[in-house]
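Open the model in your viewer and keep the selection tool at hand. The stops below go one at a time.

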Amino acid sequence: MEELKENLKTAIIEALNLEDVNVADINDNEPLFGDGLGLDSIDALELIVLLEKNYGVKIENPEDGREVFQSINTIAAYIEKNKK
């Protein structure tokens, strides 16, 4: 699970061009949107594409996205639960 989280952080930084952010800067429980990493709705769309492309995981219900994208821990748990 730790390797997945580290890979996920790297992929997010690259996909969203977070130039001033390092893997070590992202806490596993830190909120990704709002006060945390400061991502926005466009970034959420990028995250959806990233999950499908890199992990073969789709978010079928858009309302699930809010819960899934709360933190690195919630994304990693969703990937583990839904990967094929």
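Select Lys 9 first. In this predicted model, Lys 9 counts as buried, because its relative accessibility is 5% and the cut-off for buried is under 20%.

Now select Glu 2 and Lys 5. Their side chains meet in a salt bridge, 3.5 Å from N to O. Both lie in helix H1 (residues 2-15), three residues apart, about one turn of the helix. Is Lys 5 buried or exposed? Lys 5 is buried, at 10% relative accessibility. Glu 2 is partly exposed, at 48%.

Go to Lys 83 and Glu 80. They form a salt bridge, with the closest N and O atoms 3.5 Å apart. Lys 83 is partly exposed at 45%, and Glu 80 is partly exposed at 36%.

Next, show Glu 2, Lys 5, Glu 6, Lys 9 and Asp 28 together. Salt bridges with shared partners join them into one network. The whole structure has five salt bridges.

Last stop: the largest pocket, with a volume of about 260 Å³. Select its lining residues, including Phe 33, Ile 48, Glu 60, Arg 66 and Phe 69. Helices H2 (41-55) and H3 (62-68) each give two or more residues to the lining. H3 supplies the largest share, three residues. By type, the lining divides into eight nonpolar, two polar and two charged residues.

Technical notes
Residues are numbered from 1 along each chain as its sequence is written. This is a predicted model: local features need pLDDT of at least 70, side-chain atom pairs count only at pLDDT 80 or more; totals for chains, interfaces and linings use all residues. Side-chain values use heavy atoms; hydrogens and water are left out. On a 1 Å grid over the protein atoms alone, a cavity is a set of points where a 1.4 Å probe fits but cannot get out, and a pocket is an open set with protein on both sides within 12 Å along at least five of seven lines; lining residues have an atom within 4 Å of a point. Grid points are joined across faces, edges and corners, and a volume is the space filled by probe spheres set on the points. Helices (H or I, at least four residues) and strands (E, at least two) are DSSP runs, numbered from the N terminus. Ala, Val, Leu, Ile, Met, Phe, Trp, Tyr, Cys and Pro count as nonpolar, Asp, Glu, Lys and Arg as charged, and the others, Gly among them, as polar. A salt bridge is a side-chain nitrogen of Lys or Arg within 4 Å of a carboxyl oxygen of Asp or Glu. Buried means under 20% relative accessible area, exposed over 50%, partly exposed in between (1.4 Å probe, protein chains only).
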